[in-house]
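Please take a moment to look over the chain from one end to the other before reading on. The paragraphs below then lead through a few of its parts.

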Amino acid sequence: MMSICEDGIFMLSSHAATRMAQRGIRGAIVDFVLLHGTRVKAQRGCEEYILSGRAARHLEAAGYNGQTIAAAKKVRAIVDNNGT
């Protein structure tokens, strides 16, 4: 599965796909976090995307679906330097 965000295209690892299936996380939610989340440095040269409370409030005020925002706030996307 590929995800798209403003920085490009990300590939979903098999580990991530397994964890998403176990936790019932939809790909659209991961895409939402990648597109609207804040990017911060993570360990081993990776980047972590999170949807902050402040960003969530702005998105809700802009008319985005509240359930989508609530689900996205629970997700952290870790992306390595290869885009996986």
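This is a predicted model: local features need pLDDT of at least 70, side-chain atom pairs count only at pLDDT 80 or more; totals for chains, interfaces and linings use all residues.

Residues are numbered from 1 along each chain as its sequence is written, and side-chain values use heavy atoms, with hydrogens and water left out.

The lining of the largest pocket consists of 22 residues, and those that lie nearest its centre are Leu 12, Ala 16, Arg 76, Ala 77 and Ile 78. Two or more lining residues are given by each of strand E2 (8-11), H1, helix H2 (27-36) and strand E5 (76-79), and H1 provides the largest share, five residues. Helices (H or I, at least four residues) and strands (E, at least two) are DSSP runs, numbered from the N terminus.

Helix H1 (residues 14-23) lies largely in the open, because one of its ten residues is buried, where buried means under 20% relative accessible area, with a 1.4 Å probe and protein chains only. After H1 comes Gly 24, which has a positive phi, near 70 degrees.

Is Glu 48 buried or exposed? Glu 48, which is placed in strand E4 (residues 47-50), counts as buried because its relative accessibility is 15%. Leaving aside residues up to four places away in sequence, Glu 48 touches several residues, among them Thr 38, Val 40, Arg 76 and Ile 78, where contact means heavy atoms within 4.5 Å.

How values were computed:
Buried means under 20% relative accessible area, exposed over 50%, partly exposed in between (1.4 Å probe, protein chains only). On a 1 Å grid over the protein atoms alone, a cavity is a set of points where a 1.4 Å probe fits but cannot get out, and a pocket is an open set with protein on both sides within 12 Å along at least five of seven lines; lining residues have an atom within 4 Å of a point.
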